[in-house]
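Dear colleague,

Please find below the structure that I am handing over to you. My notes on it follow, and I would be grateful if you read them with the model open.

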Amino acid sequence: MSSERWLILRTSGGQTLPLARSLQAAGFDAWTPARTIRKIVRPGTRTEKRFEIDLAILPTFVFAREHDLVSLADAAARPVSPHPAFSIFSHGGRIPLIGDRDVAGLREEEDRAAATMQAMRDAETHQEAERIRIAAIKSEAARRRAMRAQHRSFLPGTEVTVAEMPALVGVTGVVEESDGTFASVRFGTQSWKIEAWRLSPIDVAADQALRGLAA
């Protein structure tokens with residue numbers, strides 16, 4: 001896995017997967033997390049049809065490696081381009097760069113979705129496939145409940161990134177106060193109240209030390 005960071009590209013929701021695929025075909029190291037769902041038309045009848053659809057897990061967001069910044073900026077600015085329209089995301093006058101650690105949760109979600117879909121394909125009956133799908137939904141709901149139950153305290157001034165909030169992907173905030181369940185985080189001149197489980201400190205060593213103190 002590359003140690004190089006990612007740029008964030010923005011596009012329309014329906015063009016998320018087409019943009020990633022178009023950039024990949026052109027030789028760019030681009031990626032967006034995706035999952036496959038199964039659709040059934042007229043289930044239980046003699047004319048039943050099944051087909052699969054690929055969907056973006058994080059619509060409007062595509063990630064590309066930072067070494068392609070100049071080429072991507074040129075592609076985005078062209079009046080006529082072979083790629084779906086996109087822009088390079090910036091915040092506070094700069095282009096945020098994020099590491100593989102910051103997209104690890106999206107990688108894991110993509111892997112879980114792929115494993116569930118493969119298990120459904122391998123199922124011998126529609127009923128068995130449905131049981132697998134429902135079990136995966138329940139498992140994901142339980143995972144999210146467990147994450148929300150976590151208590152995490154942050155010292156004021158800690159720089160953090162936010163997970164599973166698309167509007168804040170790649171944006172760094174500063175903790176103003178924290179009670180273990182929620183934290184007030186400042187982004188530029190605006191402060192947001194965010195669930196503590198979503199926050200990851202940029203200084204990993206400080207986070208580990210804080211966890212040790214809380215143990």
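Six bridges join strand S9 (residues 182-187) to S10, and the two strands run antiparallel. Please bear in mind while reading that this is a predicted model.

The hairpin of S8 and S9 has three residues between the strands, and Gly180 takes a positive phi near 95° in it.

These strands belong to an open sheet of five strands, in the order S10-S9-S8-S7-S11, with antiparallel pairing. Which strands stand at the edges? They are strand S10 (190-195) and strand S11 (199-201); each has a single partner strand, so one side of each is left without a neighbour in the sheet. On average, neighbouring strands of this sheet are turned by 45° against each other, direction ignored. As background, the strands of a sheet pair through backbone hydrogen bonds, either parallel or antiparallel.

For the chain as a whole, the secondary structure comes to five helices and 11 strands. The C-alpha trace spans about 65 × 50 × 30 Å along its principal axes. Of the 215 residues in the chain, 33% are buried.

I turn next to two threonines. Thr16 is found in helix H1 (residues 16-25). Its relative accessibility is 0%, so Thr16 counts as buried. The side chain of Thr16 reaches the backbone oxygen of Gly13 at 2.9 Å. A polar atom of the side chain of Thr16 also lies 2.7 Å from the backbone nitrogen of Thr60.

Thr60 itself lies in the loop between strand S4 (49-56) and strand S5 (61-65). Is Thr60 buried or exposed? With a relative accessibility of 18%, it counts as buried, because the term applies under 20%. The phi of Thr60 is near 80°, a positive value in a residue other than glycine. Most residues other than glycine have a negative phi.

The second largest pocket holds about 580 Å³ of space. It is lined by 22 residues, and the closest to its centre are Arg35, Ala113, Thr116, Ala136 and Ile137. Strand S3 (34-41), helix H3 (104-122) and helix H4 (126-149) are the elements that give two or more residues to this lining. Which of them gives the most? It is H4, with 10 residues. By class, the lining has nine nonpolar, four polar and nine charged residues.

Finally, there is a residue in one of these helices to look up: Gln118 has its place in helix H3. At 37% relative accessibility, Gln118 counts as partly exposed. Gln118 and Thr36 are 82 residues apart along the chain, and their C-alpha atoms are separated by 9.6 Å.

With kind regards

Technical notes
Residues are numbered from 1 along each chain as its sequence is written. This is a predicted model: local features need pLDDT of at least 70, side-chain atom pairs count only at pLDDT 80 or more; totals for chains, interfaces and linings use all residues. Side-chain values use heavy atoms; hydrogens and water are left out. On a 1 Å grid over the protein atoms alone, a cavity is a set of points where a 1.4 Å probe fits but cannot get out, and a pocket is an open set with protein on both sides within 12 Å along at least five of seven lines; lining residues have an atom within 4 Å of a point. Grid points are joined across faces, edges and corners, and a volume is the space filled by probe spheres set on the points. Helices (H or I, at least four residues) and strands (E, at least two) are DSSP runs, numbered from the N terminus. Ala, Val, Leu, Ile, Met, Phe, Trp, Tyr, Cys and Pro count as nonpolar, Asp, Glu, Lys and Arg as charged, and the others, Gly among them, as polar. Two strands pair if DSSP finds at least two bridges between them. Axes are lines fitted to C-alpha atoms, for helices over the stretch in contact, and angles run from 0 to 180 degrees between N-to-C directions. Buried means under 20% relative accessible area, exposed over 50%, partly exposed in between (1.4 Å probe, protein chains only). A polar contact is a pair of N or O atoms within 3.5 Å; within protein, one must be able to donate a hydrogen and the other to accept it, and residues adjacent in sequence count only if both atoms are side-chain atoms.
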